[in-house]
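Dear colleague,

Please find below the structure that I am handing over to you. My findings follow directly after it.

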Amino acid sequence: MAHRDRQYECIVLGATGYTGKYVCEHIASHLPTDFRWAVAGRSEGKLKQLVDQVRTLNPDRTQPGIETAQLKKHQLVELAKKTAVLISTVGPYHKYGTVVVEACAETGTHYLDCTGEVPWVYDMIHAYDEMAKRTGAIVIPQNGLESAPSDLMCWSLVSHIRQTLGVGTAEVIQTTYDMKAAPSGGTLATILTLFDTYSLSHLEKSGRPWSLSPVKPTQQPPSRPLLEKATGLRTVSDLGTLTDSLQSAADIPIVNRTWGLMDGGRFYGPHFHMTCYSRTRNTLTGLGVHLVMTLGFLAILLPPVRWLLQRFVVQPGQGPTKEEAKNDYVEWRAIAHAEVADPSDPKRAYGRMRFEGSMYLLTGICLAEAAMTIARDRTPAHEIGGGMLTPAMLGAPYLERLQKAGLKTEALARKVALFFDLEHLRFIANCKISINIIGGHINANIFDTAEHPPLRFQTFNPDVHLASHRAQVWSRRNSVFQPALPLCADRRLHHRSKQAVREPLRKQHADEASGAASHHAARYTIHRRKFCIR
């Protein structure tokens, strides 16, 4: 039966659970009123209560159907035959998800979930990828907080570089830049039970960066420096001081699978690799995070520790209340380095994603909007024809829907990413700054009244656009031009850029009778207002 002829466009399995309710509420309040959907679970009574609750969000829309099913193969097959897309929020997935994936792959039903259990996803790819390709089922695991945002941001940056520069991407540095959130009981229980289910050898094998990719890179990407391995610390211009990330273990294999699915790695580029971090306030804090994560991982390997944690952590199905989570937020930032032949002429793209609200609301939005995208849009996943895919394979239609639902995103290409202070320097009346924007190049020059040849102190080559076009800032109080000079993350570079202006001016005015001129020529004031060349 064709997908469009099925009874429902989407069924939410596990609808009465903590995450499932968020999915249902978003469908009821934001998806088109003619969207045909149903809720499914074991208890008909709980499902009826849920339907009554979501009816109040939008009484005028088509109300969901109610389908009861146990996690039995024959019941799930019948359930899958009724819908074009099945969303499963029943976890831990390594305990309860395999039979659901099997039913969908067998019946050609598209499937979505929000797992972060890479070992289980590894098993599903090996067991059901070929079956899903034969039946045309689009099966996308890890389509929630893990790993939809990271996968989509990486894809958008790679696509931007490919479209604007015509080259591949060498490295994407992704960071959880800012976050306020608390995990649910289901998330914590899943982490603990993974170690009870899988052997250490399987965890190691499935957790490798390229374990999920259908093709492997011809050459291994450069390894992390020894100091970074020991401390977990890395400093990146525009991102700051970075440390280990909890999301890296889940996100990197999914992103690398997208790399392999996109034209066998050729679209992203043969040298592509991704690194994930979390931003930290300073070196000491970052080192502490690294040590806590390392020791915590070692502790969880011990069965008595896991037993104690399972006795005292929040139970599955529970989590932060809506009131507690209403002020939560998360922001990701990333920098993608284009493949260039000349290292002295770097080209980069900058990406940012931000969501304000519960992380489980974001997961609910991702699942609901992905179902809508699969049911009604045409995406790269449809062109492939099915299989075990990734969130980024839903492409631009999916990202656009998420943007409309509240996920703020941007992707900008830049050769040099610099942040500026508007009044970094002040010059006396006999000097001025001329900043010319020609063909995407910004040339800054110093002139004086004696008509000496211009002193070029810096040349910047941004790639796309100028966020603020006030290249020359005139100070009425001092009757001078006030230029915008770089405030770089690298303090040494910052110092050199100041000295490049200051020292020539000191030299020019050294013979002047008044020492005040030299003093004022080098005088500068730092302000907090910023704009950026991107």
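In strand 9, Leu242 is the bridge partner of Arg234. The two strands concerned, strand 8 (residues 234-236) and strand 9 (residues 240-243), pair in the antiparallel sense over 3 bridges; two strands are said to pair if DSSP finds at least two bridges between them. Helices (H or I, at least four residues) and strands (E, at least two) are DSSP runs, numbered from the N terminus.

This is a predicted model, in which local features need pLDDT of at least 70 and side-chain atom pairs count only at pLDDT 80 or more, while totals for chains, interfaces and linings use all residues. Residues are numbered from 1 along each chain as its sequence is written, and side-chain values use heavy atoms, with hydrogens and water left out.

Strand 8 and strand 9 form a hairpin with 3 residues between them. Asp238 in the turn has a positive phi of about 80° and is buried, with a relative accessible area of 10%; buried means under 20% relative accessible area, exposed over 50%, and partly exposed in between (1.4 Å probe, protein chains only). On to the next strand: strand 9 is joined by 2 bridges to strand 10 (residues 273-279), and the two run antiparallel. Leu242 stands opposite Arg279 in strand 10.

A second residue with positive phi is Asp263, at near 60°. Asp263 is found in the loop between helix 11 and strand 10, and at 45% relative accessibility it counts as partly exposed. Most residues other than glycine have a negative phi, and most peptide bonds are trans. One joins Gly91 and Pro92, with omega about 0°, and Pro92 lies in the loop between strand 4 and helix 4 (93-96). Another joins Glu146 and Ser147, with omega about 10°; Ser147 lies in the loop between strand 6 (138-140) and helix 7 (148-165).

An open sheet is formed by 7 strands in the order 3-2-1-4-5-6-13, with parallel pairing. Strand 3 (65-68) and strand 13 (387-388) stand at the edges, each with a single partner strand, so one side of each is left without a neighbour in the sheet. Within the sheet, strand 4 (residues 83-88) is joined by 4 bridges to strand 5 (residues 110-113), and the bridge partner of Val85 in strand 5 is His110.

Two helix pairs complete the findings. Helix 15 (residues 359-376) and helix 17 (residues 395-404) pack at an angle of about 135°, with their axes 9 Å apart. Axes are lines fitted to C-alpha atoms, for helices over the stretch in contact, and angles run from 0 to 180 degrees between N-to-C directions; contact means heavy atoms within 4.5 Å. Helix 15 and helix 17 are therefore oblique to each other, given that angles under 35 degrees count as roughly parallel, over 145 as roughly antiparallel, 65 to 115 as roughly perpendicular and the rest as oblique. Residues of helix 15 including Ile365, Cys366 and Met372 meet residues of helix 17, among them Pro397 and Tyr398.

The axes of helix 6 (residues 118-135) and helix 11 (residues 248-261) come within 10 Å and cross at roughly 30°, so these helices are roughly parallel to each other. Their contact is made by Val118, Ile125 and Asp129 of helix 6 and Ala249, Ala250, Pro253 and Arg257 of helix 11.

Yours sincerely
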